[in-house]
Amino acid sequence: MIIGVPKEIKKHENRVALLPVGALQFKRNGHIVLVEKGVGEGSGFSDQAYKDAGATIIEDVEEVWKRAEMIMKVKEPIAEEYPHMKEGQVIFTYFHFAAEEKLTKAVVDSGCIAIAYETVEKKDWSLPLLIPMSEVAGRMAAQEGAKYLEKPLGGRGVLMGGIPGVPPAKVLVLGGGIVGVNSAKIASGMGADTIIMDINIPRLRYLDDVMEKNVRTLFSNEANIRRLLPSVDMIIGAVLKPGAKAPHLITREMLKEMRAGTVLVDVSIDQGGCFETSKPTTHDDPVYIIDDVVHYCVANMPGAVPYTSTLGLTNVTLPYAIQLANKGWKQALRDDDELLKGLNIALGKIVYKDVADTFGLKYTQAGEVL
Ligand SMILES: NC(=O)c1ccc[n+]([C@@H]2O[C@H](COP(=O)([O-])OP(=O)(O)OC[C@H]3O[C@@H](n4cnc5c(N)ncnc54)[C@H](O)[C@@H]3O)[C@@H](O)[C@H]2O)c1
């Protein structure tokens with residue numbers, strides 16, 4: 001199969017969908033890899049490294065799209081890429097269709113085979129191609145929050161770990177899932193007194209067993225959150241209600257109960273945010289202040305650490321991509337229920353029910369296209 005990897009053109013996107021080591025693996029399986037010139041630059045991988053791995057460097061991105069039977073990307077195609085998508089071509093990337101009707105319609109019209117990273121699903125309902133990015137965002141949340149706690153950046157001027165004789169910072173993490181646990185790991189590792197809140201008692205029980213001694217668990221409800229507001233230095237928003245907007249656990253009125261310079265990091269911002277006052281920000285301008293409370297609400301946090309993010313992402317996508325190339329998309333999906341869950345749109349038909357329902361479009365069972 002011919003695999004094509006175009007350079008990401010979305011603003012601030014420096015990740016790449018395939019590493020040189022991945023290109024080598026495709027080659028060893030008898031496939032041809034075409035990468036756009038400079039494809040790995042943003043993540044620190046040179047054209048020479050891809051060449052050494054047996055990939056062909058192509059100057060013209062149109063040629064990559066034209067010749068490839070499977071395109072591997074990181075972000076969803078953006079408007080200027082729509083004309084490149086073609087009938088029968090597999091596109092393996094993050095799509096997030098429900099967020100964008102125009103993209104959904106363009107993919108339907110193109111007749112391509114859209115396999116979305118974000119809906120590949122294991123039997124235990126976990127989402128293996130989303131987890132590494134939640135791990136990155138979670139770990140970054142505590143790191144970024146610590147930075148903005150510094151006085152010159154608007155924070156209270158509190159050191160995460162304190163020093164002997166001086167107490168550490170107090171960090172509240174709302175949501176004890178992948179993002180929450182990774183945030184708590186870094187916050188507590190820096191010495192902060194850390195509290196994780198969740199509504200899932202078995203999860204809290206598990207976290208109570210495995211986390212460090214300076215991490216406590218607390219059931220998430222309004223009364224418990226309110227009680228903590230006057231004493232916390234940082235709050236990390238890491239809740240997820242699958243398929244729904246994030247609940248506003250901190251309202252505008254509650255900001256008044258916090259001390260000036262408290263830092264809010266809303267990782268859930270990509271689902272609307274779990275603080276009422278959150279609005280998406282970018283790495284160029286990540287924070288703003290309301291009622292003396294610092295808000296950090298970057299919607300694509302992993303984009304700031306493309307080296308780590310690219311390695312984390314490609315570690316988990318490559319095995320599926322190799323299956324798709326070795327067997328062809330139909331057989332690969334028939335053989336693997338996890339990967340089949342990733343199929344959203346194929347040959348002009350929407351085969352993922354939530355996407356069809358979101359836009360009131362016709363839903364077709366995946367079996368009909370396989
Ligand atoms: N901003 C970014 O760059 C970025 C990157 C990765 C993930 N995210 C987002 O971070 C969020 C969390 O992702 P995740 O992978 O940790 O999800 P997850 O499903 O692993 O965890 C979410 C947790 O929230 C808990 N929860 C639900 N309602 C709650 C409530 N009212 N109070 C407290 N806890 C509650 C759930 O029980 C669950 O344990 C998602 O919205 C995800 O899209 C953002």
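This is a predicted model: local features need pLDDT of at least 70, side-chain atom pairs count only at pLDDT 80 or more; totals for chains, interfaces and linings use all residues.
User: Which domains is the chain divided into?
Analyst: Domain 1 covers 2–120 + 306–368 and domain 2 covers 131–304, with bounds that come from an automatic or database domain assignment. Their contact takes 11 residues from domain 1 and 10 residues from domain 2, where contact means C-beta atoms, placed from the backbone, within 7 Å.

User: Which element gives the largest share on the domain 1 side?
Analyst: That is H9, with seven residues; helices (H or I, at least four residues) and strands (E, at least two) are DSSP runs, numbered from the N terminus.

User: Switching to the ligand, how many residues surround it?
Analyst: There are 32 residues around the ligand, and the closest are Ala137, Gly175, Gly177, Val179 and Ser220; a residue counts if its C-beta atom, placed from the backbone, lies within 6 Å. Helix H5 (131–148), helix H6 (178–189) and strand E8 (193–198) each give two or more residues to this shell.

User: And what about H1, which residues are buried there?
Analyst: In helix H1 (residues 20–28), the buried ones are Pro20, Gly22, Ala23, Gln25 and Phe26, buried meaning that 20 or more other C-beta atoms, placed from the backbone, lie within 10 Å of the residue's own. Just after H1, Gly30 has a positive phi of about 85 degrees.

Definitions and conventions. Residues are numbered from 1 along each chain as its sequence is written. A residue is buried if 20 or more other C-beta atoms lie within 10 Å of its own, exposed if 12 or fewer, and partly exposed in between; C-beta atoms are placed from the backbone. Two residues are in contact if their C-beta atoms, placed from the backbone, lie within 7 Å.
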